[in-house]
Amino acid sequence: MRNRYAIVGLGALLAVATALPAAAEPVDDELVIDGQAMTVRTAAPEGHPFDELLSGWLFREAETRELEADSFQNPGMLYVDRGADIWNAVDGTMGKSCASCHDDAADTMKGIAANYPKWDADAKRPINIELQIDKCRVENMGAEAYKFDTPDQKALTTYIKHQSLGTPVAVDLSQGDLQSWWDRGKDIYYTRTGQLNFACASCHEANSGQYIRADHLSQGQANGFPTYRLKQADMVSLHNRFRGCIRDTRAEFPKAFSDELMALEVYVTWRGTGLSVETPAVRQ
Amino acid sequence: MIRVTAIVTAVLAVTATSAPADETAPQDVKFEDLAVAASLTGKPGDPAAGRDVFKDRKLGNCLACHTNADMQKELFHGTVGPAMDGAGDRWEPAQLRAIITDAKQVFGEQTVMPGFYSLAVGKDVREDLVGKTILTAQQIEDVVAYVATLKE
């Protein structure tokens, strides 16, 4: 990685090599939630830049890791509860709740979210859980689509993803045109943005394991979303996180659920293939 | 009388142009042998001011990526780049100026270190920052002067 110094020469090489701080490794730890072992490390699928995929959980401090491991203490579980209430609540002109059609989410939604984003043949674009919720609200309930990041949207998304806790992430790129969205997402992932001129890969690939100020850089995996962020004392959706990371490069950032961010969701989710869904993960 | 007025107008004219005539614009910086020989402002930098630029999150925020033993009191030193200790021994000021002005000119396209006085930036730059560099020419000189003091 550091052979870039070759071009500098100047005998600086040796001095620099010794001055390099030790790489801060992710911890070697196992995550068990309610007796269920999570896959927080797994071999990468073919064509992946990494050999091993690591959950963001491995990069967090011990207290943060413990909070996620204990579902009684995990603050994100409050949103799961709230999501369960929304699931059962009638809304819209058709007098229906989600449960009217989907019954008990513990059965009907089990493992489902681990395979999102999927291809939406009607819209001819990828669909994620947030958009699937909106689709059912509008078409099947006569209710309005949620505004981005409203507490109800986050709670219901968290609730549905939580029904896949422990299920390995697996996106089926053979659906519809999903592969070309993956291609586009990959382009975006490696494109530098903003005045600071960083790509996603600058931080989450080239420097995963390093500290950037106080932040221990992870692989930027999506498997824990929505995540409970201690800093914000709130749930953070995946597109909110994407926007935040892009904003930090001092760039204009795309709208939630825009083509750019949907493509990025397809690609970034694929980068976590085989990791367990951890929703609601706890992060800093 | 007439002569005095003429001088006054001339002075005003000079101070009115926002980028001082003796300041090198980002696109005019000359990189030779991985170095930028001339001060970007024609003046030496101030190491004390440069020290602030180095740690200020809104300015250089160099500490985000570099540990620096001279700043033990500051929390959270990043590890993305090499430690700054002894950088003043490893590099001549002209080389430091090149690295800090536009690290890509020295380390190649792949480096993650931002170009602090360069307009070769990423896409979709935040609207209010278009055409602007991260640091001013004076701040570059100040931080160059500061890093040059980091000797072991």
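This is a predicted model: local features need pLDDT of at least 70, side-chain atom pairs count only at pLDDT 80 or more; totals for chains, interfaces and linings use all residues.
1. Arg65(A) belongs to helix H2 (residues 62-69) of chain A, while Asp29(A) sits in the loop between helix H1 (12-19) and strand E1 (32-33), so the contact ties together parts of the chain that are 36 residues apart in sequence.

2. The two partners of this pair should be read with their accessibility in mind. Arg65(A) is buried, at a relative accessible area of 12%, whereas Asp29(A), at 32%, is partly exposed.

3. A further salt bridge links the side chains of Arg283(A) and Glu68(A), at 3.1 Å from N to O. Because Arg283(A) lies in strand E11 (residues 282-283) and Glu68(A) in helix H2 of chain A, this pair ties together parts that are 215 residues apart in sequence. Both Arg283(A) and Glu68(A) are buried.

4. Arg283(A) also forms a salt bridge with Glu278(A), for which the closest N and O atoms are 3.5 Å apart. Arg283(A) counts as buried because its relative accessibility, 13%, falls under the 20% cut-off, and Glu278(A), at 1% relative accessibility, likewise counts as buried. Through shared partners, the salt bridges join Glu68(A), Glu278(A) and Arg283(A) into one network.

Definitions and conventions. Residues are numbered from 1 along each chain as its sequence is written. Chains are lettered from A and ligands numbered from 1 in the order in which they are written. Side-chain values use heavy atoms; hydrogens and water are left out. Helices (H or I, at least four residues) and strands (E, at least two) are DSSP runs, numbered from the N terminus. Buried means under 20% relative accessible area, exposed over 50%, partly exposed in between (1.4 Å probe, protein chains only). A salt bridge is a side-chain nitrogen of Lys or Arg within 4 Å of a carboxyl oxygen of Asp or Glu.
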